[in-house]
Amino acid sequence: MAISPLHITLILALLVFIVLKILAPANNSLPSTYLRWAILSGVCALVLTPFAWLICAAFKHPSVFNDYTFLPPLGKMLEGEVTLGNFGRLLTNPKQTISGEIYFVQYLFNSIFLACATTIVQLLFCSMGGYALAKLDFAGKKALMFFMLGTMMLPGMILLAPLYEMLVRIDLIDTYWGLIIPGSANAFGMFLFRQATIGIPNDLIEAGRMDGCSEFKIYWSLIMPLVRPMSGAFCLICFLGSWNNFLGPQIFIQSPEKLTVPVILSQYLDVYKQEYGVFLAGTLIAIIPPAILFFTLQKEFIAGLTSGAVKG
Amino acid sequence: MSFPFGKAPTAILALAIVSGIIVVAMDVFRHESDPPDLTMTVFSGEHFRAYLKALPKFEKQHGVKVQLRRTDSRALQSRLQAAMQAGIDDVPDLVEIERDSIGFWLRGRLEDMKFVDLTDRIAEEGLDKSMVASRFTMWSKDGRKFGLPHDVHPVGLIYRRDLIEQWGIDVSQIETWDDFIEMAKLIPKYKDDKDKVRDHYALQMDIQNGQILELLMLQKGIDIFDKEGNPKFAGEETVDLIEWYITNSFGADSIGYATGGVRRGQDLVKSLQEGLVLFFFAADWFTKKLTYDAPSMHGKLAIMPLPAWEKGGRRTSVQGGTGLFITKHCENRGKLDLAWELAKYLYTNEESLTELFVDSNILPPFKDIWDHPAYQQPNPYYSNQKLGAFLVALAPQTPPNHLNAFYAGAKTQIQGVLANAALYYSNRGQAGFRDYIRDQLKRQTELLQREIDHNVFLKRPPPES
Amino acid sequence: MATTYGRRLAPNPLIFLWPYLLVSVVFFVYPLINAFLLAFQQTNDPVTKEWIGLKNFSFILTDPVFYKALKNTAVFAFFSIFLQLPISLGLAMLLNVSKSKSKGFFRLLIFSPQLVGPIFVGIMFSVMFTKRYGVVNKFVQELSGWGLDVDWLSNPHLSMPALVLIALWLFVGFNMVYFLAALQNVDESLKEAAAIDGAGKWQIFRNVTLPAIKPVATFVVIMSTIGSFQLFELPYNLFPNQNFGPDNSGLTIVGYLYIKAFRNSDIGMGAAVGWILTFIIMIISLIQVRISGTARES
């Protein structure tokens with residue numbers, strides 16, 4: 001009998017529960033604690049079940065994709081129904097394009113570059129803008145902030161066609177800059193950094209001025225080190241946004257060698273031929289970089305993301 | 001000045017620099033080619049591979065360089081649209097477009113078309129005679145032809161020959177859909193009665209994206225639009241068809257089982273392998289797809305013509321289609337003649353078309369090459385049936401399929417009627433069902449008509465008398 | 001403020017604001033003006049445009065499909081706020097008692113769906129909701145005995161529930177993170193004092209916890225609403241052929257915009273939808289801010 005979804009969920013819940021028991025301090029063993037753990041383990045298991053499915057699907061041989069909800073029985077697994085074939089096809093089968101054969105690793109590098117560069121540029125520009133909004137006084141600040149708030153409510157899609165035209169005019173179409181620059185200084189990020197920097201005492205800035213620091217030096221060397229949690233959180237948000245961006249590269253990038261991972265993966269689900277196994281194997285690979293980033297940035301992320309909201 | 005944002009951002013900066021260098025380096029090692037004389041974009045991987053092999057000969061003959069690009073069909077559409085909407089000449093000279101997205105390009109007035117009117121060239125070469133005539137309807141507007149058809153895509157029924165023969169059923173006796181329903185009664189419903197879940201259904205149906213209903217409409221001679229572009233799908237014939245379709249898809253004794261559709265039908269292959277569904281609608285391209293998706297079905301399947309709606313009626317339909325177009329951009333830069341040569345070369349070239357047929361089972365509409373031996377080859381996957389000859393026999397009967405700018409919307413709306421009708425029938429049954437379908441069709445036609453009326457570009461001046 | 005710092009000149013804000021100003025003028029204001037003008041035109045391509053006055057708006061505002069999209073979006077937003085957020089808050093409260101290690105562990109697990117991009121989520125779930133063979137169908141059948149042969153994505157009554165369930169999976173952890181941080185900032189001594197005064201658990205929650213997390217709750221509600229009203233990629237990738245569900249049952253307003261602007265190629269109509277949507281979002285945000293504002297005062 002094959003493993004059913006309910007079994008998987010229960011197994012996952014049990015696993016989560018066991019991990020908890022190991023993690024938790026020994027003195028904490030009231031019945032109510034166990035009840036709470038049980039509920040939380042159940043929720044976690046429900047959240048994780050799709051991941052379990054995804055992992056199984058990525059390793060299943062395409063010909064048995066629908067035969068088993070999760071994995072084939074052990075005997076069949078050894079007969080080659082569980083394989084690395086999907087990953088192999090993805091990684092070692094180059095795409096035939098006009099620019100010659102292109103391997104998946106190229107797209108990985110493209111995506112990594114695009115996501116990292118986008119993140120860095122946004123981090124720099126948004127923190128600069130946010131700092132100015134929080135700590136500098138100038139005419140028209142209120143109006144500017146009101147304008148920025150308005151822009152956040154505008155659905156991005158109405159600007160898609162005019163933006164395309166603009167990128168062609170200034171010759172940025174089919175370049176990564178065309179994807180990086182238009183969103184590089186955005187209202188959302190600037191508001192986040194405004195919230196993060198507004199609580200910093202003005203005396204600090206004043207002291208910096210007394211010492212003869214330039215305005216930029218004050219921002220760079222005095223203020224930014226103090227808002228590292230927000231920087232970390234913002235990096236994660238930017239990276240996720242850029243890494244998973246589909247519509248942008250799909251429309252603005254044309255050369256096959258410049259495309260990114262989501263666009264390439266979607267090509268495995270063509271009109272006439274769909275390779276779900278390869279697509280899902282690619283999905284699994286695509287989750288890894290943001291997951292690494294999230295693991296390393298978890299603390300900053302939580303602290304930074306909430307610092308703006310908690311302070312209201 | 002050190003980087004003040006913390007460790008992780010510094011790591012990202014480092015990664016950006018490193019990956020940037022790698023990306024640039026990879027680019028440097030890729031040799032830069034001269035600007036091509038012609039550019040062509042296709043969305044299908046199979047077409048791409050076939051053309052890539054065929055191109056060198058053309059390039060040699062004409063002493064030119066052709067750049068072939070492959071883009072995913074969604075990307076192709078959005079990119080071409082964005083480029084054309086922005087008024088930019090950043091478009092290929094030749095482009096292949098799938099039926100589902102062609103409607104977009106037929107919007108607007110005749111003189112505003114983005115593609116070159118090929119009517120005269122087609123007539124001059126006699127291609128309107130030598131190619132299957134119905135296949136030009138998809139990209140014709142006001143009687144002018146804007147594209148060359150790539151394929152015929154006739155539809156047949158694939159079936160589980162092994163099981164059907166085991167039950168002693170002779171499919172050659174099935175001529176009409178009524179015959180089919182009679183035959184379906186011979187199929188056992190259960191493998192064993194233990195789990196009370198039905199194990200066999202005769203026919204593949206689909207509620208999710210309405211493609212089967214559409215091909216049945218076409219088979220019946222119901223086109224979604226008439227030649228003038230007005231919706232004409234709300235007649236009594238359609239009510240009949242939807243009633244037939246739904247009543248045969250639901251209930252304990254139904255002959256049909258609604259699968260997830262063809263394009264996203266992951267469950268299709270599985271239900272075929274299990275024998276859950278025994279007869280499947282399949283266009284030529286789908287017969288090839290199946291050999292990849294269901295290798296275990298080798299030798300167990302066969303294909304038959306669709307049962308007709310009345311004796312002696314049409315035994316096939318069409319599903320999908322791709323056309324080749326030459327852009328105005330190409331004409332403007334004076335490459336039209338060369339592009340036309342290339343179009344003719346690719347679409348009438350026996351060698352590459354045959355190769356494409358072997359590679360994809362797709363039947364080209366160019367009749368002159370159908371006597372090639374490849375079309376007489378027995379196909380082992382389909383129990384050694386002569387697949388090519390089978391498709392060739394159906395091809396002349398393929399129905400016309402008029403498309404226009406509102407096709408995509410109309411399709412969604414018909415699918416909506418189907419989904420609502422399915423819901424109505426499974427909740428309330430036969431009572432008032434026909435009226436409900438009629439109402440739904442009327443409502444959707446009105447919505448469509450509203451959109452058509454809103455379009456100022458389609459309002460032609462009244463004909464001069 | 002800066003002027004009080006003596007003789008030194010007020011720092012020039014342009015040192016920091018030039019990237020934003022430059023980027024917005026080139027990539028935002030200019031396209032914005034373009035989009036504004038487009039709303040009053042019908043477009044076929046850049047050359048073939050025609051001024052049609054307010055006809056785009058009158059078409060949209062009398063289009064049953066638009067109202068369907070609006071209704072779907074509102075239903076989705078409703079469930080985001082009244083189903084997803086309470087669950088997020090409940091989970092956060094369950095977690096807030098735990099000691100730090102297990103808290104981090106749970107937070108990580110429940111947040112993890114956020115790492116998967118919307119295009120992947122949409123396609124993954126379109127496979128998982130497959131009739132008879134899909135993991136969701138099997139799971140539901142095991143729990144309730146119903147639903148194996150139900151085709152969620154082709155049933156006009158079930159496609160919205162499917163969308164809500166997927167969104168629940170995707171966003172519950174994200175919102176939980178906010179609530180959790182807010183709960184950690186609630187003053188424990190206030191709770192203890194209330195407990196000594198004989199307040200029950202519900203009263204403590206109502207009178208101590210809830211007011212304390214109010215700012216965060218307001219923020220999360222507004223972000224969820226804006227997010228719901230801009231929902232697009234999930235239904236776009238979930239339903240077959242990008243048709244937004246049977247009989248438009250999964251059509252959102254941005255989906256409607258996309259169809260008008262890009263599938264039907266009427267950028268003008270798309271721009272008009274965009275402006276109507278912007279207007280709706282603004283009104284709702286204002287109302288929400290007003291409600292939370294008056295609540296805070298009282």
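**Helix packing and chain interfaces in a predicted model**

Q: At what angle do helix H9 (residues 211-220) of chain B and helix H17 (residues 407-428) of chain B pack?
A: This is a predicted model. In it, the axes of H9 and H17 of chain B lie 10 Å apart. The angle at which the two helices pack is about 105°.

Q: Which term describes the orientation of H9(B) and H17(B) to each other?
A: The packing angle is about 105°. Angles of 65 to 115 degrees count as roughly perpendicular. H9(B) and H17(B) are therefore roughly perpendicular.

Q: Which residues in H17(B) do B:Leu213, B:Glu214 and B:Met217 meet?
A: B:Leu213, B:Glu214 and B:Met217 are the H9(B) side of this contact. By class, the residues of the contact of H9(B) with H17(B) are five nonpolar, no polar and two charged. The H17(B) residues met are B:Tyr407, B:Lys411, B:Ile414 and B:Leu418.

Q: What percentage of the area buried between chain A and chain C do carbon and sulfur atoms give?
A: The contact joins 99 residues of chain A with 86 residues of chain C. Between them about 8,500 Å² is buried. The part given by carbon and sulfur atoms is 81%.

Q: Which helix gives the most to the side of chain A that touches chain C?
A: That side of chain A divides into 74 nonpolar, 18 polar and seven charged residues. The top contributor supplies 17 residues, and it is helix H15 (residues 276-310) of chain A.

Q: How many helices and strands does the secondary structure of chain C come to?
A: From the N terminus on, the order of elements is α-β-β-α-α-α-α-α-α-α-α-α-α-α. The C-alpha trace of chain C spans about 80 × 75 × 35 Å along its principal axes. The secondary structure comes to 12 helices and two strands.

Q: How much area do chain A and chain B bury between them?
A: In the contact of chain A with chain B, 51 residues come from chain A and 57 residues from chain B. Carbon and sulfur atoms hold 64% of the buried area. The total is about 4,800 Å².

Q: What is the count of residue pairs in polar contact between chain A and chain B?
A: The salt bridge count between chain A and chain B is zero. With both residues at pLDDT 80 or more, the polar contact count is one residue pair.

Q: Which element gives the most to the side of chain A that touches chain B?
A: Elements that each supply at least two residues include strand E1 (95-97), helix H7 (160-169) and helix H12 (228-243) of chain A. By class, this side has 27 nonpolar, 16 polar and eight charged residues. With 12 residues, the element that gives the most is H5(A).

Terms used: Residues are numbered from 1 along each chain as its sequence is written. Chains are lettered from A and ligands numbered from 1 in the order in which they are written. This is a predicted model: local features need pLDDT of at least 70, side-chain atom pairs count only at pLDDT 80 or more; totals for chains, interfaces and linings use all residues. Side-chain values use heavy atoms; hydrogens and water are left out. Axes are lines fitted to C-alpha atoms, for helices over the stretch in contact, and angles run from 0 to 180 degrees between N-to-C directions. Helices (H or I, at least four residues) and strands (E, at least two) are DSSP runs, numbered from the N terminus. Angles under 35 degrees count as roughly parallel, over 145 as roughly antiparallel, 65 to 115 as roughly perpendicular and the rest as oblique. Contact means heavy atoms within 4.5 Å. Ala, Val, Leu, Ile, Met, Phe, Trp, Tyr, Cys and Pro count as nonpolar, Asp, Glu, Lys and Arg as charged, and the others, Gly among them, as polar. Buried area is the accessible area (1.4 Å probe) that two parts lose on being put together, summed over both. A salt bridge is a side-chain nitrogen of Lys or Arg within 4 Å of a carboxyl oxygen of Asp or Glu. A polar contact is a pair of N or O atoms within 3.5 Å; within protein, one must be able to donate a hydrogen and the other to accept it, and residues adjacent in sequence count only if both atoms are side-chain atoms.
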